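The following paragraphs lead the reader through several local features of a protein chain. Please keep the sequence and the structure in view while reading.

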Amino acid sequence: MRKRSPINRVVRILLKLGFETSPVGGQGDYLDFRNCEFSPYDGLITITCQSVLTIIALASVVLPAAAGPGTTMVLPKEAGNLLETYCYDCHDDTTQKGDIRLDNLSELSLTARLDLMNRMQEKVYFEEMPPKKKKTQPTDEERKRLLAWISEDLHANNASKLEDKLRYPGYGNAIDHGKLFSGAIKDAPYTPARRWLVSPQIFEQRVLDVFKLEGKDRTQPMYGVTNPFVQPDTSGVRDYDTNLLDGGSLLVMMTNAEWISTKQIRPARVKAGEIQATDFPDPKDKWSPKETPAVFESIILKKSVPTDKEMTDAIETQFDRVLRRKPTDVELKKYLDLTRSTIAIGGNTEGLQKMLEAVLLESEFLYRLEFGAGSADLSGRKMLSPREGAYSISYALGDRGPDAALINAAQSGKLVSKEDYKREVERLLQDKTYYSGQIDPSVSGMHLTSHVTSHPKIVRFFREFFGYPNATKVFKDTERGGGIYRNPDRGTLASPGFMVDEADRVVDWLLQKDQNLFENLLTTDEFFVYHDKTDEEGAKIIKEWREVYEALKNTDWRNDAQGVLDKNIDFIKARSSMRPLDATRPGELKNFMLYFQESFGQGRTPFTTVPWAHGYTFHHAPFYGLPSTPDIGRYGSWKSTQFDPKVGNGKFWDYPVKQPFKIANRKGILSHPAWLIAHSKNTQNDPVTRGRWVREKLLAGRVPDIPITVDAVIPENHEKTLRSRLEVKTQEPECMKCHQFMNPLGLPFEIFDDFGRYRIEEFLEYPEKVVGKTADQRLNVYQTLPVNAHGALDSTGDPKLDGDVTDALDMIAKLAKSVRARQSIIRYAFRFYMGRNEMLSDSKTLIDADKAYVGSGGSFKAVIVSLLTSDSFIYRK
Amino acid sequence: MQNRRDFIQNAFLAMGGLSLPGIIPNLSAAQMSVANPGNPPMRFIFMHRGNGLFPKSVVPPTLGPQEQALEDKNLPFEVDLDRHQLPDWMGPLEKHKANLTILQGLSGKMCTTGHHSWCSSLGAYMANERLSSIKWATVDFELAKLFPSPLEHIELACFPTGGGNARGSLDGIAKGFSARGPQQPNYAFGCPKIAVDEIFKSVANTKDGQIKYQLERKVLEFAAANQSGLAQHLQGIERNKVGNYANSIEDIREKNRKVDLMADVVRQYIPKLDDKYLNKDMSTFDRQIGHVEVLLASLISGLTNVAAFTVDELGHEYTGITGMEKEKVNMHDVGHGKVIAGVDALEIRHRTNTHHMTLVDRIVTRLKGVREGNGTMFDNTMIFYFPDNGETHHSHGTEYPFIVMAGSNTKLNLGRRYMRLPYWGTVGHKTLGNWYTTLLNVNGNPIKHYGALDPALKGDQTGLIKELVI
C-alpha cells in the first residue's frame, strides 16, 4: 500500500467529499487551510473555514504540525482530480520518478513550489507529460484547464517563466505544427508593438548613414566603431526582437559615440585651425569625412556663443543623421538645455561634440521602432505607419534603410495598403544594386573574398537556418585533417572559411534559379570547389594553357627552359594567363610545363590557379572526397627549377572549370563539408547535434533541454565505433527520453567523418590501433570498423516517408519530399522576417506563405512577398 | 613595515624621476573592497610578453644531475627554490623567493600561437584579430568580477606597431589583449600619460582635464535621465529593452560617484611622472616603468584590483635596452636569433627579461610597503609573468612558463617552488585552462573548467590543478 503524506490524504478526502480548497479570501464552499489546526494527539483534524467549521475524524492518522507558507496555494478540486488521474501514479511520495513529487505541493516552500510549478507548466504545455506511452492521456480541454491553474498560481507570484521562454529562438517550435497549418485558426495575425534591436549589419549601415556616405564610400571600414551586440551563433534564426541592450553595449557605444562625433566635426576643426589636416592621433586611422555638416561647422567656426537657432539646427541635423527623424518639442528643449550647458562648460567645439555624442547614445539609434499608427481595427491592430513600413521592408530585404523610391512612397501616401507593400517589395527584389554586397564580409580575408550577390540578406537566412558558417568556429586537429586542414588564423578563416564561402555559392546559385528551392537545397549534387574565377575566365585560361602546352611539349623545356622561353617569348606573352612571364623567368616556364604535363599530359584539366602563386591556399578539396591539387612544394616558387616528385602523389584533381559540378556521395547542404564540420566536435562527429538539427529545422520538432544532471560525455572505448559508444551511453530509458528524438536522425550522417569526408569505414584513432603510415610518412593509418549509418525518420506526417533509412543520403531524399519539412522551413523564414517566434494567430500568414511557395513552383521570392505583405508583418498590437 | 605615508615618501625617493605626492590618504584600499567587506580584496596583475619565453631559461641553474635529467626529458618534478639559485636574469626576484613559484609544463595549444596571439593566452582559446574570435571574457576580467572595484580593471600596453598585430598608435588607447566578454575587446592605454589622464581624470589637475571630465559627466547625466524617463513608460520586455541600457548608464554614474567619493585618496596617488615618462620619444624601458607606476597607483588607491599589462609584443620596436639604449630593436629579428648592433639575440632577450624582472620587483617591493589589515597589500596580491604565445618565437603552445609572485593570502600552495608539471600529452598534464580554473575556483568562481579544450589531448582535461590548492 502506498504511503501518502497526511496533509495530502486530508486534501484527497476533502476533494472526494466535494470540497474545494482555497486560500483565505476564497468564496463559497471552501476550506481555508490557513487556519487548520492539526492535532497530533487524537487523530482529529480541526479545520476552520470562512464558511464552515468542520471536524473530520481521521482514525489512526498522525498529522504533522502546521506547514509553511506554501499552504496558501490554490488547489482547485478539478486540478486535484487531474493530478490524481494523470500525475500521482509516477510522482507521489512512493514513486517520485525523476525525484519529482507532486502530491505535496502545499508543503513546499514558496520558492520550491514555484520552481516545481514552472517545470510542471513547461511539461504540460509541451505535452511532454504524461509520457506519450501512457495510455491515459488528458484531453486538450483537460490539459488547458490544468495549465490555467498552474499559470494562475505562477502569475499570482509573478514567477511564470514560460511566456518569456516562448519568445526565444529555442522555443520556436513550441506551437503545434498541425494546428498552425490546419486552417482552423481564424485569428487576425499581428506582431506585438515593439522595439527590435538592430542587427550588427544594420548597425554598420546606420553608422555609414550618420556620415551620409554613398556608393563606394559605403565600403569604408569604420576603424573606431565596434559592433555593440552579440547574437547567438547556433544554427537557426538569430536576429530576434528579444535581444536586449546591456552594460557591455553601452560601454562599446560610449567609445563608438566619441569616435563618430570626433570624425563628424574633424573637417570643421581643420578649417577652424584647431587641428592640422595631417594631424591624426592614430596613424592607422586616417579616414575623415569630406566635410562637416554646415550647421555644425558654423558653430565650430563661430567665435561667440551660438544662438538658440543655430543650436536647434545642429540638434535637428544630428537627429536626422542618427535617428532619421526630427526631434519632438520636448526632446528639442532637453537637447537645447544640454547644448547650452556643454558649450558653456567646454566652448563651441567640445560643447557641440557632447550634444552629438548624446544623440548617438540614444537607445533608439540601436533599435528599430515598430509601434503602428492610426486608429485600431476591430481586432485592436494598428497598421505600421508609412515611415515604419518603409524601414521594415528595407531592413527585411537588406541592411540599409529605405531607398529614395520607398521613402517617397511612404511620404506620398503610397504605403498604406497590402498592394503598396507588394509593389515595393517586388520592386526591391528586382533591384540588383541597392542591397548588393558580399554575403558575409567577415569571411573575406587573405586570398578569399566573400561571394557578392544582389541580396546578401536572403542568403543570410539560409546561412542561419543551416548554420554552416559555424564551421569556422570548430577548431580541428590539423594532423587528423590529413595535414591539410588549416584552422582560422590571422587574416584568414582558412579551410573552413573557403568551404563556408563555397556553401554560400551553392545557396546563392539555387536562389538565383529560385525553383523548388528547398528541395534543391536539400538534394543538389552540384557544388562549387576552388571556383575562384568565372566559368568564362577559367575556360580562357585553360584554352591558353593548352595552346602553350601543345606548342612547347616537344621542345627541350626540361633542360633548356631559357632557350625555349627566348624562342617563344612573344607566343607566351600573348597569353595573359601565363602570368607576366618574361624572358627572365625560365624557372616559371618549367614549372608551367611540369604542371601541364601532369594534367593535360595525363588527360586531366589543371586547376586554374597555379600552386606556386603567391599565397596559394587551396588545400581542402579532399574534404569533398576529391583528389588534391599539387602541393606547393612540388614545383617550388616561380624562380624554382627544383621539381620534387616526392611532394604529393601525382594523382591530381581533374579540375572542372565550369561550376557547379557533380560530386559523388553528396546530397545538398546537409552533406556539404561546411555543414558537417559546423555540426561536429573538435575530434569527432556529433550525431546528437546533427540529429537535433534535423528534428528542429526540418520536422518542426522539439528536443527537451538537457537536464543539468546529465553527463553528456560519450565514453571512450577503443574497440567500438562512435555510434556504438553513443548507443551504449544513451540506451537507458532516462536518456532515451531525449535521444529518441536525435539519435535516429543524426546517426545516418556517420557516412561522413567530422571533416565532412565520405567514408564506409571508421578509423579507431588510438595509438595502439595504428597499423602504418601514409605514403608520405606524415600521418598514421588506423584500424577501422565498418560504418553503420542506419537511422529512422518519424513525424513527417507522411507514412510513406516515415520509417527506416539506410544513411543520410536516403534520409535527405525523403525529407526533401516531405510537406512537413517544407512547412518547417517556412516557419523559420517567418521568424527571420518577423524577428520573433510564430503565434497561433500567425496561422494564416504561414499557410499563405506555404501556398505561395507551392503555387510558384518553389520560389523563395514568392515566400518573401507573401510574408512581407502579411498581416503579421504589417499590423501591430 | 611602512604605513602609507612611508610608502609615498619612499616611493618618491625610490623613483628618482618619478614622484608621488606625500599626503596621508583617508581611505585604505581594503575599505574600498566591495566584494568582501571585512577582508581586503585580492589583486591580480597579469604581465605578458611576446616572442615566447624559453622554458629552459627559467630553470634554476643549480639542479642536481637527477633533477636536471628530469628537466631535460620534460618529466615532472619539483624543487625548493630556497636550495637553488635563480637564473641570472631573474636576480631581481632573489629577495622575494619566499613568494616566487616557477610553474613549468602548462600547455596552451587551444590558443592561437606563433607570432601573435591576441586574447588567446588570457582567454585560453584561439583568438585572432576578428572580434568574432573572442569567445568569452578573459581570465583577468573574470577575476575582476570576483573583486569589484570602481574601475573594474585596467589594461596597459607597450603596443605593437608592426608585425601582423599592429596597433595604430604607440601612445593612444587601442584594443588590448583582454576581453570583457564575447566579442567585446578591452581597450588598453598605450603610454603612461594617457593612462594617468584617463584613470585619474576624476581628479584632473589641469583645466582641460577638468572640463573634459565635467562634460563627460554631463552627457552621462543627460543620457541617464533621458533613457530612464523613456523606460518608465514601458512595460515588460519592452521596458527591459530600454531599462537595461538606462541602468547601465546609471551603473557607470554610480561608479563615477564612488570614484568621486575617493577623490581625496585618489588625488594623493596621481603619479606625477617625470618628463622622461611623458616624452613621446620615451624608450620602451621607460614606458614600462611608467606603466608600472600607473598600475601601482591604480591598485594602491583602490581604483582597481586587477591589471593586465602587455610588457611587450612581437611587433613592438624596443628601445632603451641596456647597453644599446638608442638602438631600435626589432623583436621579430630577435626571435629569429639575429645579431643586432653587435649584440646576440639571446643576450638581448637576457637584457629585456632582466628589465622585466626589475618591474616585477618594483611592484612586489612597493606593495610589501603598503600596510593592509594585519599585513601588507602584497599579501593579497598575485603577479603573473608569462609569454603571450608559449615557449618560443614560432611557438606551438606546448609550454607556457609562468613566473608567479604570490602573497600569503592566495589560498594556493605557492612560494619557493620550482614545479615542472607533466608534459603535454602525458598523464596528468595541465593546460592554461586548468591553471585559470584553479585561480577562479579558489577565488570564488566554481566554474568546472575555464578555457577551450585542446582537441589533440585525450581524456578529461577539465578542472583545477589540485596540487596547487591548499
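A residue is called buried if 20 or more other C-beta atoms lie within 10 Å of its own, exposed if 12 or fewer do, and partly exposed in between. The model examined here is a predicted one.

Consider the backbone to begin with. Most residues other than glycine have a negative phi, and most peptide bonds are trans. A:Arg324 has a positive phi, near 60°, although this residue is not a glycine. A:Arg324 belongs to the loop between helix H10 (308–322) and helix H11 (329–360) of chain A. Because A:Arg324 has 17 C-beta neighbours inside 10 Å, this residue counts as partly exposed.

A:Tyr530, likewise not a glycine, has a positive phi of about 60°. The loop that holds A:Tyr530 runs between strand E11 (526–527) and helix H18 (535–552) of chain A. With 21 other C-beta atoms within 10 Å, A:Tyr530 is buried.

The peptide bond between A:Gln659 and A:Pro660 is cis, with an omega of about 10°. A:Pro660 is located in the loop between helix H21 (632–635) and strand E12 (661–662) of chain A.

Finally, attention turns to the packing of two helices. How far apart are the axes of helix H19 (residues 561–573) and helix H20 (residues 586–597) of chain A? Their axes are 8 Å apart, and the helices pack at an angle of about 95°. H19(A) is therefore roughly perpendicular to H20(A). On the side of H19(A), the contact is made by A:Ala561, A:Gln562, A:Val564 and A:Leu565, and on the side of H20(A) by A:Pro586, A:Gly587, A:Leu589 and A:Lys590. Of the residues in this contact, five are nonpolar, two are polar and one is charged.

Terms used. Residues are numbered from 1 along each chain as its sequence is written. Chains are lettered from A and ligands numbered from 1 in the order in which they are written. This is a predicted model: local features need pLDDT of at least 70, side-chain atom pairs count only at pLDDT 80 or more; totals for chains, interfaces and linings use all residues. Helices (H or I, at least four residues) and strands (E, at least two) are DSSP runs, numbered from the N terminus. Axes are lines fitted to C-alpha atoms, for helices over the stretch in contact, and angles run from 0 to 180 degrees between N-to-C directions. Angles under 35 degrees count as roughly parallel, over 145 as roughly antiparallel, 65 to 115 as roughly perpendicular and the rest as oblique. Two residues are in contact if their C-beta atoms, placed from the backbone, lie within 7 Å. Ala, Val, Leu, Ile, Met, Phe, Trp, Tyr, Cys and Pro count as nonpolar, Asp, Glu, Lys and Arg as charged, and the others, Gly among them, as polar.
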